[in-house]
Amino acid sequence: MAGRLSGITAEDEFPYVRLDQNRSFDNDYHFHVDRTYANYDGFYLPRQSFILMTRTYSPTYRVSIRGSLPSDQIIERIPRLNSLSDAIWPVWTRISNHPGSLRYYAVNDIVNDITGPLMDYLLDRDRPEHSAGMTFAQGVTYGLDSDEGKALLASPSGIAVFWLLVHRRGILGRRDPRVTIWEGEDGNSRRMIWELIPAGEDSTFDDYRAANFTISG
């Protein structure tokens, strides 16, 4: 990913970071690879222990929708740094003085064609009265002790959380994640937020939210 982190420090209040694969390169297979136009953009809020991703289009996705390569060649023609979890972690560790404090990971405006329909199904089933739009407080929460929570974690918009918890366990420790999903008040913007609660901690999200930040819409 081509992205400059210079000038970003832990003192910045609301750093918005764009990671764009916007340069051509030669990869380890000696293929010349054109820019993929992949982008991982989001807000990193260390004081609130919060990451909010606003756009997450992977190199694999960008290359596949352009249809410029056979499917068996896509893996050879993308950057080695291509997964969301690997891309955001060095940003978080650069910005946060205490990277192990990461507690919330949110994704805004989810349009993925796997995660999106899954969220639509769950919201239609569990919150039918709010099908035209809802606030965060009207969303529905699932833990990993449920099939719904596991399905959302394994979906393209949730898998980054899984890989962060697996690959960064030495820093993050053991967590008991749960996810809240809702659709914005305009009825056309799916959203999810993961609460990465330290194992064994008795905590409610509403208490923490009231003390640190407000989610609207």
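Q: Where does serine 49 lie?
A: In this predicted model, serine 49 lies in the loop between strand 4 and strand 5. These two strands form a hairpin with four residues between them.

Q: Why is serine 49 called buried?
A: The relative accessibility of serine 49 is 9%, and a residue counts as buried under 20%, so serine 49 is classed as buried.

Q: What makes the phi of serine 49 worth a remark?
A: Serine 49 has a positive phi of about 55 degrees although it is not a glycine. Most residues other than glycine have a negative phi. Aspartate 109, placed in strand 6, also has a positive phi, near 50 degrees, and is a residue other than glycine.

Q: What makes strand 4 largely enclosed by the rest of the structure?
A: Seven of the eight residues of strand 4 (residues 38–45) are buried, and the strand is therefore described as largely enclosed.

Q: How do you know that isoleucine 51 is buried, and which residues is it in contact with?
A: Isoleucine 51, which lies in strand 5, has a relative accessible area of 1%, and the cut-off for buried is under 20%, so the residue is classed as buried. Leaving aside neighbours within four places in sequence, isoleucine 51 is in contact with Phe43, Tyr44, Ile88, Trp92, Leu102, Tyr104, Tyr105 and Ala106. The C-alpha atoms of isoleucine 51 and tyrosine 105 are separated by 4.8 Å, although the two residues are 54 residues apart along the chain.

Q: What makes the span of helix 3 agree with its number of residues?
A: At 1.5 Å a residue, the 12 residues of helix 3 should span 16 Å, and the end C-alpha atoms are 17 Å apart, which agrees. The buried residues of helix 3 include Ile88 and Trp92, both of which are also in contact with isoleucine 51.

Q: How do you know that the buried residues of helix 6 line one face?
A: In helix 6 (residues 159–167), Ala160, Val161, Leu164 and Leu165 are buried. Seen down the helix axis, these buried residues fall within an arc of 135 degrees, so they line one face of helix 6. An α-helix has 3.6 residues a turn, so residues three or four places apart point the same way. Among the elements that the buried residues of helix 6 pack against are helix 3, strand 6 and strand 8.

Q: Why is the pair of phenylalanine 136 and tryptophan 182 called edge-to-face?
A: By the ring-centre rule the count comes to three aromatic pairs. In the pair of phenylalanine 136 and tryptophan 182, the centres are 4.9 Å apart and the planes are at 80 degrees; the limits are centres within 6.5 Å and planes over 60 degrees, so the pair is edge-to-face. The pair links distant parts of the chain, 46 residues apart, and both phenylalanine 136 and tryptophan 182 are buried.

Technical notes
Residues numbered from 1 in each chain as written. Predicted model: local features only at pLDDT ≥ 70, side-chain atom pairs only at ≥ 80, totals over all residues. Heavy atoms only, no water. Buried < 20%, exposed > 50% of the residue type's maximum accessible area, 1.4 Å probe, protein only. Arc of directions from axis to C-beta. Contact = heavy atoms within 4.5 Å. Pairing = 2+ DSSP bridges. Expected span 1.5 Å × (residues − 1). Phe/Tyr/Trp six-rings, centres within 6.5 Å; stacked < 30°, edge-to-face > 60°.
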